[in-house]
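The report that follows accompanies the sequence and the coordinates, and is meant to be read with both in view.

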Amino acid sequence: MKIKKSAVAGLFYPEEKSEIQMLFSEYKKYNSDDVNYNSRLVIAPHAGYVYSGYSTYLSLSHLSGKNIFIFAPAHKIYVHSAVIPDYDMFETPMGRVNLNKEILSKITQEFHLVYNNKAFDTEHAIEVMLPFLSHFKTDFSIVPVLVGDCNANLIEEIISRFFSDTSNSFIISTDLSHFLSNNHALKLDNLTADTIETNDFNNLRHKQACNSVSVCAALKFASENNFSFIRLDMRNSSSVTNDMTSVVGYGSWLMYDGEKNKYIKKYYSDELKDICLNSIVSKGKYSPAKYPVVLNQKGSCFITLEKEGQLRGCIGSIIPYRSLINDLLHNAFASAYNDPRFKPVLSNGIKNLQIKISLLSIPIEISFSDEGDLLDKIVPFEDGIIISDKNYRAVYLPSVWEQLPDKKTFLTSLKRKAGLTDDYFSDTFRAFRFHCEII
C-alpha cells in the first residue's frame, strides 16, 4: 500500500489533531452565518491556516458529496497539463485519507492524465484541505489533480464528465493576488471577485489567482449550467502580519444552483428588510456593523414604498455598479425622501409603510427585427423591460404587468414614460429584459 506522508503538518497547520480540532471550534464560534446549503463545488484558499484557515473552513463546511475532486496548482515542479498521484492514501494528523482509485483510473483513460507522485510529495495546496474534509465528513475519498501548464477546457471537461453523479464534488484550491501592496491587492482581488461572481471566465488572468486555470474552468462550467458563485469570505495576509507592502489575497465561494438573488431571498430576506427599514428610520445614516458577506457582491435593487396600498416612493438601480449592501441603503433612503413625485416621508408615518425590495438580475439585450418581433419575445409577468434610444430611456419592473397585462399596452406605456410617441420605432431602438426576486 502506497501512503503519501504529510509534507506541511506543523508548517501550514498544526501537527497535533487536538490543536486542529480546537482551531476548527474557534472557526465555528466565529461564524455567525447559519445558512445550511450543500454545494457541489467550492473555491477555497490553500495558505497556512493562520492566514486563510477560516476562509477555507467556510467553503468546505458547505461541500457535499463523498468523492471529492481537488484541483490545485503545482507549486513545486513544472507540470505539463495536469497530473494525478499513484498513492492509495494521504496521511494527515486527522488520519489517513483514501484516494478514489477507480475515478483516477477513469481520468487516465479518458483524459490521458499521467501519474506523477513527485509533483505531490511536497505540495501543500491539496494537503491543507484534508483536515477540513476529515472534520466535516466521516466517509469520503479524494481525487487529487495538480494543474500546471494546462488549458482550462480540460479541467472543465473533467468537471462536466463527473458532475452528473451527485456523490462527486469539487474543490478549486487557489489563492488570489500575490505579493502586491495592500492597496493594489485590494483593487485586484475585488476585480477577481467581480469576475468570479459574474462567471466571466474569458477575462480572468493568471496574476489574479495562482490556480486561474481551474477557476476559469469552474466559471465556464457554472456559466453553461446557470449556476452562481456566492461569496463567503475575502481577506489578505495583512490582517495577520500588519505588513501592507507585500500581501497575499484569499477568497472563498460556493457554487449555487440558481441565480444569486434567489439565494439572497431564500436565506436573507429578514436581514434585507431590516437594512432598508433602518436606513429609512435613520434618514440614511445607518451603517450596519454586520451583514451577510454576499451583500458585498455587486447588485442592483429597487425599493418600493406603499401606504395603504398606494405608491409612496420608488427608487432603484438598473445596472449593478456598487455592492448590494450600499445599493439597498441608498435606495431605501432615496425612496422615502428623494422621490420627486412625493413629499419626504414624515417620521410618524414610517410605521405605516410597506416596503418591497426588488432584486434585479443583470439585464440581457433582446434581439428583434421590428416591434412585432419584440412583442413576441417579451414574457408577461416575468420580464422587467428596459427600452432606450439615444437620450431616451425607461424601465418597468415585472410588477407593472399587474396594472398593464397586455404586451402592446405595456410597451406603449413604457414608450410614453421614456418621452417617446406611442408608435415610435427606429433602427437604434433597443430593449433589455431582466428578472426580479421580490422581498
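## A buried loop residue

Asn199 has a relative accessible area of 13%, and it therefore counts as buried. The model in which this value was computed is a predicted one. Asn199 belongs to the loop that runs between α7 (182-197) and α8 (212-224). Leaving aside residues up to four places away in sequence, Asn199 touches Leu219, Ala222, Ser223, Phe227 and Phe229.

Helix α1, made up of residues 17-30, has 14 residues and reaches 20 Å from its first C-alpha to its last, which is close to the 20 Å expected at 1.5 Å a residue. Its buried residues are Ile20, Phe24 and Tyr27. Viewed down the axis of α1, these buried residues fall within an arc of 55 degrees, so they line one face of the helix.

The buried residues of α1 pack against α2 (49-61) and α5 (130-136), whereas the face turned away from the buried side carries the exposed residues Met22 and Lys29. Phe24 and Tyr27 also belong to an aromatic cluster, whose other members are Tyr13, Tyr30, Tyr49, Tyr54, Tyr57, Phe132 and Phe136.

## A hairpin and a parallel partner

Strand β5 (residues 89-92) and strand β6 (residues 95-99) pair in the antiparallel sense over four bridges, and they form a hairpin with two residues between them. Within this pairing, Phe90 stands opposite Val97 in β6.

Strand β6 also pairs with strand β8 (residues 141-147), here in the parallel sense and over two bridges. In that pairing Leu99 stands opposite Ile142 in β8.

## The sheet β14-β13-β15-β20

Four strands form an open sheet in the order β14-β13-β15-β20, with antiparallel pairing. At the edges stand β14 (310-316) and β20 (436-438), each with a single partner strand, so one side of each is left without a neighbour in the sheet. From one strand to the next, the twist averages 20 degrees. Strand β15 (residues 353-360) is joined to β20 by three bridges, the two strands running antiparallel, and the bridge partner of Leu359 in β20 is Glu437.

Two helices lie across strands of this sheet. Helix α10 (residues 260-281) lies across β13 (300-307), β15 and β20, running at about 135 degrees to β15, while helix α11 (residues 324-337) lies across β13, β14 and β15, running at about 30 degrees to β13.

## The sheet β16-β19-β17-β18

Another open sheet is formed by four strands in the order β16-β19-β17-β18, and its pairing is antiparallel. Its edge strands are β16 (364-365) and β18 (392-396), each of which pairs on one side only. Five bridges join strand β17 (residues 384-389) to β18 in an antiparallel arrangement, with Ile386 standing opposite Val395 in β18. Helix α13 (residues 407-418) lies across β17 and β18, and runs at about 135 degrees to β18.

## Aromatic pairs

How many aromatic pairs does the structure hold? There are 31 aromatic pairs. In one of them, the rings of Phe69 and Phe162 have their centres 5.2 Å apart and their planes at 40 degrees, so the pair is tilted. This pair links distant parts of the chain, with Phe69 in strand β3 (residues 67-73) and Phe162 in helix α6 (residues 152-163), 93 residues apart. Phe69 counts as buried at 0% relative accessibility, and Phe162 likewise counts as buried, at 4%.

## The chain as a whole

The secondary structure of the chain comes to 13 helices and 20 strands, and along its principal axes the C-alpha trace spans about 75 × 50 × 40 Å. Of the 439 residues in the chain, 54% are buried. Among the contacts with a separation of 6 or more, 76% are between residues 24 or more positions apart.

How values were computed
Residues are numbered from 1 along each chain as its sequence is written. This is a predicted model: local features need pLDDT of at least 70, side-chain atom pairs count only at pLDDT 80 or more; totals for chains, interfaces and linings use all residues. Side-chain values use heavy atoms; hydrogens and water are left out. The expected span of a helix is 1.5 Å times one less than its number of residues. Buried means under 20% relative accessible area, exposed over 50%, partly exposed in between (1.4 Å probe, protein chains only). The arc is that of the directions from the helix axis to the C-beta atoms. Contact means heavy atoms within 4.5 Å. Two strands pair if DSSP finds at least two bridges between them. Axes are lines fitted to C-alpha atoms, for helices over the stretch in contact, and angles run from 0 to 180 degrees between N-to-C directions. Rings of Phe, Tyr and Trp (its six-membered ring) pair if their centres lie within 6.5 Å; planes under 30 degrees apart count as stacked, over 60 as edge-to-face and the rest as tilted.
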